[in-house]
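Work through the following exercises with the sequence and the coordinates side by side, and try each task before you read its solution.

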Amino acid sequence: MMLLPCPHCGPRNSSEFRYVGEGTARPDPGTATIGVWRDYLYTRSNPAGWTTENWFHRAGCRRYFTVERHTVSNAVRASHRPAAQARTTSDPEGLSAGTERGPDAGPG
Amino acid sequence: MLSRLSSRNGHGMRARYSAFNLVRYGIGSGEWPRAWRDHEMKASYDVIIVGGGVHGLAVAYYLAADHGITNVAVLDKGYIGSGGSGRNTAIIRSNYLTPEGVRFYDRSVKLYERLAGELNFNVMFSQRGHLTLAHSDSSLRTMHWRAEVNKLEGIDSEVIGPQEIKALVPFMDTSESTRYPILGALYHPPGGIIRHDAVVWGYARAADALGVHIHQNTEVTGIDVSGGRVAGVRTDRGSIAAPVVVNCTAGWSTLISDMAGVDMPVTTSPLQAAVTEPVRPFLRPVIVSGTLHIYVSQTDRGELVFGASVDPFPSYSMRGSLEFTEELAGHILELMPSLSSVRVLRQWAGLCDMTPDYSPIMGVTPVEGFYVDVGWGTYGFKAGPVAGETMAQLIATQKTPELITAFGLERFSRGALVGEKGAASVGH
Ligand SMILES: Cc1cc2nc3c(=O)[nH]c(=O)nc-3n(C[C@H](O)[C@H](O)[C@H](O)COP(=O)(O)OP(=O)(O)OC[C@H]3O[C@@H](n4cnc5c(N)ncnc54)[C@H](O)[C@@H]3O)c2cc1C
Ligand SMILES: [Zn+2]
């Protein structure tokens, strides 16, 4: 079990949340090259260490927030409300906020 | 092909495993010679393989056996098989969804079928059949789709109904009164399970006998690249020069590729598994249910081996979780209520290198001489032999073998993904 500190609701079991991922900024379709699109769509830094990432509290306040987590120990050292970063997540309009399906939901 | 095979068989291994030697060492004096040796680390090798799992060891073995390239080192930061290769649930099958995937995994099944003889090591490949259950119309459609692709590629694979399932697995609840009634299943008779440690040890022993150096407890900490070419690796035991470096580190593979400056679309997530106390043999085929997110098989020793989907967020932690055991137990009991009194002995986790399309990433990279054999996610153990054979061929001939052209790193720039999620996300 991993506890995540939701900035709105306090510490809760990670099973209440949906992992959203690293913040990625959507490239400008007018100027982006194939390499830039590839990186935006697929390349992730996948560090073994501290990472800053977005989570969605699906069984709670149903809001996004940002967490600093160590990917080897799963220790969490800070969490923030998204404020300005929310615009640069992979879900800029918050479109998936209404869905329960996690990133890996699928036919299985 | 035949000549390659006989040359593979002809290598002189010390102390063959045989009934005669079993008696000789059993009642006579003396010890079995070590299956593989320790060596001094050389200042340079022709090929350095990073990662001593089934992939790294298989690449080394086929380089030596098929191409006579023996000045090869396999480096592992722990002991061989300490990664996914020693932690997986050992399911082997080829009933995938894409023609590229089916052909590729089929070759691996064929290599596995004769591996025990080739390596003179009992890998206990047990082709007991593999059932992927469908609990909904949409998954039944996917099963039919897979069955048709499989048949076109010459794979034994068909959709069967609840009565036939019941005949294969009498203990399964195939009634209509369950929460997710079973509508049918994809049945794949050549699928089965294997002794995963034996595969690792068998490749290590055979590669060692052909002259490959295996260096355990040797961590790669950097990769030297100059002028767009790989020059060697740095380790916690010193630097080694090599014109060819192969990344076979699965869950750790982005860390190694980062050292060479190669970006990869891979994230690392734990996958958990559990095993029960042994019970009398009652379950022949491997059972997978995507809807219930579980699979189960019974080993030759009678233990039930369970697995599930990959953990829901990336991490390099190999700790098990209570959520996993609880969900697993609940879902297993839906399928086989009579297991309620069986005790779980152990649970564990391993790291999986997940790709966006659930297909591997194999072949050349933008850095000359730096090859990758990664992206094995939750399903790569079964691919060890074919990956070893094709990567060795690529390194020896500088030509990408047909079987792996679809799996190149550059496919993500072309949008030419090989979508295997429908056949690999729970089934492994
Ligand atoms: C619980 C579980 C169940 C699975 N079930 C199945 C299944 O049923 N069927 C199937 O086909 N697949 C299955 N898999 C997937 C399979 O285990 C892997 O895809 C496969 O073992 C990968 O093999 P590998 O040789 O590429 O990597 P690994 O076996 O992970 O080996 C990588 C090695 O690299 C070493 N290494 C890492 N970093 C360094 C470094 N810096 N320097 C030196 N060495 C380093 C590690 O110590 C490790 O030994 C499962 C995986 C898990 C975790
Ligand atoms: Zn909340």
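**Exercise 1.** State which elements cover the buried residues of α6(B), and describe the helix itself.

*Solution.* Begin with the cover: the elements in contact (heavy atoms within 4.5 Å) with the buried residues of α6(B) include α4 (99-113), β4 (130-134), β5 (158-160), β6 (184-188) and α13 (421-424) of chain B. The model is predicted, so that local features need pLDDT of at least 70 and side-chain atom pairs count only at pLDDT 80 or more, while totals for chains, interfaces and linings use all residues. Residues are numbered from 1 along each chain as its sequence is written, chains are lettered from A and ligands numbered from 1 in the order in which they are written, and side-chain values use heavy atoms, with hydrogens and water left out.

Next, list the residues that are buried (under 20% relative accessible area, with exposed over 50% and partly exposed in between, for a 1.4 Å probe and protein chains only): in α6(B) these are S139(B), L140(B), T142(B), M143(B), R146(B), A147(B), V149(B) and N150(B). An α-helix has 3.6 residues a turn, so residues three or four places apart point the same way.

Then take the length: α6(B), residues 137-152, has 16 residues and reaches 23 Å from first to last C-alpha, close to the 22 Å expected at 1.5 Å a residue, where the expected span is 1.5 Å times one less than the number of residues. Helices are DSSP runs (H or I, at least four residues), as are strands (E, at least two), numbered from the N terminus. Just after α6(B), G154(B) takes a positive phi of about 80°.

**Exercise 2.** Work out how α3(B) and α11(B) are oriented to each other.

*Solution.* First, the axes (lines fitted to C-alpha atoms over the stretch in contact, with angles from 0 to 180 degrees between N-to-C directions) of α3(B), residues 54-67, and α11(B), residues 384-397, come within 7 Å and cross at roughly 55°. The two helices are therefore oblique, given that under 35 degrees counts as roughly parallel, over 145 as roughly antiparallel, 65 to 115 as roughly perpendicular and the rest as oblique.
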